[in-house]
Structures are given as C-alpha cells and as structure tokens.
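I opened this notebook to record what I looked up, entry by entry. The sequence and structure come first, and my notes follow.

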Amino acid sequence: MEQMIKEYAKRLKLSWIPANYHTIHAETNEEFLLKLFEREVQHRDERRINLLLKQATLPKIPNKPYDWREIQLAPSITKDYILEGEFTKNQENLIFYGGVGTGKTFLSTVRP
C-alpha cells in the first residue's frame, strides 16, 4: 500500500505527502484530506519562496541591525509598518530612495 501511495504521489507531483501522510491525524476522511492538501500547498509555497529568494541573488545581509537614525519616513509610515510588511497586506508599494550606501538594498532584503 505504501509503495502505491508513493507512486501515485510521484505521478501527481505531490512531494510532501508520501513522506508525511502518516503524521496527519483527523477524525474524518474529509478532515484528513483537507489537512493533507493544506500541508502540501504550504510545502509548495515555502519551496517556491525559497527558490525565488535564491534566484533573486540578493546581497548577503550582515548580522547587524539597521541604522534608522538618518531615515526620514512619511508621517503615515512607521518603522513597524515597514518591518512587519503591512504595506504588502494593504497591497501598497513601498519605494526606498536615497544616496549610495544609505542601506536601501539592505532594508529591502531584511526578513523579520
């Protein structure tokens, strides 16, 4: 049975399910399938994000905090608004501008 599950999962290109389906606990078949599919989708999303980040070839981020002392923000924008990614949740653009070496790329690549 396990071999058949692996074969079907391979044919359907389901990479998370064959190795982890036995870890899913549910009270009904529907709940089991829902959890199984949710985890597969979550796994695919994580892989896609990691692949895109790798392809982006972003610069290495040093292990030091960002220096906010010289940064001027619009009155409607706070440091937390930027760091928590609220602008993405609100489907807004955020544009960093300034001179060379001011940390625009550094700030753009920081992940909380």
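How many salt bridges does the structure hold? I count as a salt bridge a side-chain nitrogen of Lys or Arg within 4 Å of a carboxyl oxygen of Asp or Glu, and the structure holds five of them.

Before going further I note the terms of reading: this is a predicted model, in which local features need pLDDT of at least 70 and side-chain atom pairs count only at pLDDT 80 or more, while totals for chains, interfaces and linings use all residues. Residues are numbered from 1 along each chain as its sequence is written, and side-chain values use heavy atoms, with hydrogens and water left out.

**Entry: salt bridges along helices**

I looked up lysine 6 and glutamate 2, whose side chains meet in a salt bridge at 3.7 Å, N to O. Because the two are four residues apart in helix 1, about one helical turn separates lysine 6 from glutamate 2; helices here are DSSP runs (H or I, at least four residues), numbered from the N terminus. For burial I use relative accessible area, where buried means under 20%, exposed over 50% and partly exposed in between (1.4 Å probe, protein chains only). Lysine 6 counts as partly exposed at 38%, and glutamate 2 counts as partly exposed at 45%.

In helix 3 I found arginine 48 and aspartate 45, three residues apart, about one turn of the helix, with their side chains meeting in a salt bridge at 4.0 Å, N to O. Arginine 48 is partly exposed with a relative accessible area of 47%, and aspartate 45 is partly exposed with 33%.

**Entry: glutamate 40**

I then turned to glutamate 40, which is found in helix 3, residues 29-56. Is glutamate 40 buried or exposed? Glutamate 40 is buried, because its relative accessible area is 3%, and the cut-off for buried is under 20%. Glutamate 40 forms a salt bridge with arginine 44, the closest N and O atoms being 3.3 Å apart, and both lie in helix 3, four residues apart, about one turn of the helix. Arginine 44 counts as partly exposed at 37% relative accessibility.

Which residues does glutamate 40 touch, not counting those up to four places away in sequence? I find Lys13, Leu14, Ser15, Trp16 and Ile17, taking contact to mean heavy atoms within 4.5 Å. A polar atom of the glutamate 40 side chain also lies 3.1 Å from the backbone nitrogen of isoleucine 17.

**Entry: a nonpolar patch on the surface**

On the surface I noted that Met4, Tyr8 and Leu12 form a nonpolar patch with about 350 Å² of accessible area together. Patches are made of residues with over 30% relative accessible area and no salt bridge, like charges being joined within 9 Å and nonpolar side chains (Val, Leu, Ile, Met, Phe, Trp, Tyr) within 5 Å; the areas come from the Shrake-Rupley method with a 1.4 Å probe, and for residues only the protein chains shown count as cover. Methionine 4 is found in helix 1, residues 2-11, and is partly exposed with a relative accessible area of 49%.

**Entry: positive phi, and one separation**

Lysine 13, found in the loop between helix 1 and helix 2 (17-20), has a phi near 60 degrees, a positive value in a residue other than glycine, and it counts as exposed at 65% relative accessibility. Glutamine 91, in the loop between helix 5 (86-89) and helix 6 (104-109), has a positive phi of about 55 degrees although it is not a glycine, and it counts as exposed at 76%.

Last, I looked up glutamine 42, which lies in helix 3 and is partly exposed at 43% relative accessible area. The C-alpha atoms of glutamine 42 and glycine 98, 56 residues apart along the chain, are separated by 37 Å.

Technical notes: A polar contact is a pair of N or O atoms within 3.5 Å; within protein, one must be able to donate a hydrogen and the other to accept it, and residues adjacent in sequence count only if both atoms are side-chain atoms.
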